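Please read it beside the sequence and the structure.

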Amino acid sequence: MLKPNLLEAKKRKGNIETEIYKFDESLKDLGKNKKYFIKTYGCQMNEHDSENIKAILESMSFTETLDMMDADVILLNTCAIRENAHNKVFGYIGRVKHLKEQKPNVIAGICGCMAQEEVVVDEIIKKYKWLDFVFGTHNINNLPNILKNVIEKKEQEIEVLSYEGNILENMPVKRDSKYKAWVNIMYGCDKFCTYCIVPYTRGKQRSRDKDNIIKEVEELVKNGYLEVTLLGQNVNAYGKDLDSNYRMENLLEDVAKTGIKRVRFVTSHPWDFTDNMIEVIKKYDNIMPYIHLPLQSGSSRILKLMARRYTKESYLELVDKLRKNIPNLALTTDIIVGFPGETIEDFNETLEVVNKCKYDSAFTFIFSKREGTPAATMPDDVTLDEKNERLHKLNELVNKYSLENNQKYLNKIVPVLIEGYSEKDKSMLMGYTDTMKLVNVKGAENNIGKIVDVKITDVKTFSMDGEIVNN
Ligand code: 5AD
Ligand code: SF4
């Protein structure tokens, strides 16, 4: 058994190398005639990890089922960012238990960020003895062995490493889309914002070698992909952990030069957003005019307590620069309300920044205590009712600007990458604009997988309707 340890996970040490993923061919039939079901919680990083996990399982001959009741192996890829993510997972584990009581041969396990938490693993050992396996974010590559051990030994297999390992190249991947792809450019985070558990669950910042990233994008272009999203917890810090001067602006430029039709990147930290990056975004039409720039709080006092390394003023300056330089920019953000000690004045400053930035959309959260992070021990005297009220007020303001921004699109013709059928209405298609607006589109099926001109006919707060314009 290998359990995670929070204090160990906090340390930043060791040299990171690049390693080629190897699959033990003797395990290639382990999943023959068996099905797997995977449920993914949380961010894009987790989504992409699940794409790797699926491909690993399929290399062992498992096939995917979308119905948990039909599965032989059940895996929950979990998120630890807030308490409610936890609660959702434990709620779902209850359903898995019920199924295991009816079908004891089903193998069930959890992975992802919750698995990296000492308190969670302790709870699983104590109260969830029937769960077959747990592995973390640092050893997805070892899944074949973990499953083999579970099948052979028939005892709970817990294998969670506190440290990141080497960067693994050539991991197999079963991508969810044929048109847009996630591409990891870095793993982990060294920022240690005081509320955030990610630097513990995902380890230290490790940038992937640029040549491997560009090779992956070139391969995607060859295979007909139209869009890549460069992924990392803190993409603007790309390269700072490497021995060269090659940084995010260089990578962005080289990725744009591959000729892929659309380049996106998430998530940006305001601290690392350089003028050179803005120049590159300006220069290349295939870098999308869409930036997700987490604010977290509009109060410089709270930002300091959060260890965010910028002030309200410097954030606003950056937004101003972005807007001046990138025409048609869509700007989105993340905001936390109710951080320990947040006064009504602090909160009003957040509203003031929202009024100035007029975000296209925002993910808004109530502060959630994460055990082991510095903010978890900060005095917090704001009641939950008050926090809920602040969240509600913030959401109303955010939604007002979402709608106002969307209204500017009415009757305009915009490029949309058509991804498939609309979930709401199967007779419609759906896709995203260059500015990342969701559009439900009237048009013929043969437009799926193409970037087409769409005339916007109606707008709402969270989506738009449109029809394909014949060129
Ligand atoms: N409580 C509430 N929100 C959080 N986030 C990260 N940690 C916490 C926490 N402890 C939010 C931040 C981050 C987003 C991914 O989740 O806004 O940008
Ligand atoms: Fe968490 Fe801050 Fe790192 Fe983002 S930059 S993952 S909020 S520590």
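A polar contact is a pair of N or O atoms within 3.5 Å; within protein, one must be able to donate a hydrogen and the other to accept it, and residues adjacent in sequence count only if both atoms are side-chain atoms. By that criterion, a nitrogen atom of ligand 1 lies 3.0 Å from a polar backbone atom of Y195. The model is predicted, so local features need pLDDT of at least 70 and side-chain atom pairs count only at pLDDT 80 or more, while totals for chains, interfaces and linings use all residues. Residues are numbered from 1 along each chain as its sequence is written, and side-chain values use heavy atoms, with hydrogens and water left out.

**Ligand 1**
- An oxygen atom of ligand 1 is 2.9 Å from a side-chain N or O atom of R82, and a polar side-chain atom of D334 is 2.6 Å from an oxygen atom of the ligand.
- The protein buries 86% of the 400 Å² that ligand 1 exposes when taken alone (areas by the Shrake-Rupley method with a 1.4 Å probe).

**Helices α11 and α12**
- Helix α11 (residues 312-325) packs against helix α12 (residues 344-357) at an angle of about 10°, with the axes 11 Å apart (axes are lines fitted to C-alpha atoms over the stretch in contact, and angles run from 0 to 180 degrees between N-to-C directions; helices are DSSP runs of H or I with at least four residues).
- That angle makes α11 roughly parallel to α12, a term for angles under 35 degrees.

Methods. Chains are lettered from A and ligands numbered from 1 in the order in which they are written. Helices (H or I, at least four residues) and strands (E, at least two) are DSSP runs, numbered from the N terminus. Angles under 35 degrees count as roughly parallel, over 145 as roughly antiparallel, 65 to 115 as roughly perpendicular and the rest as oblique.
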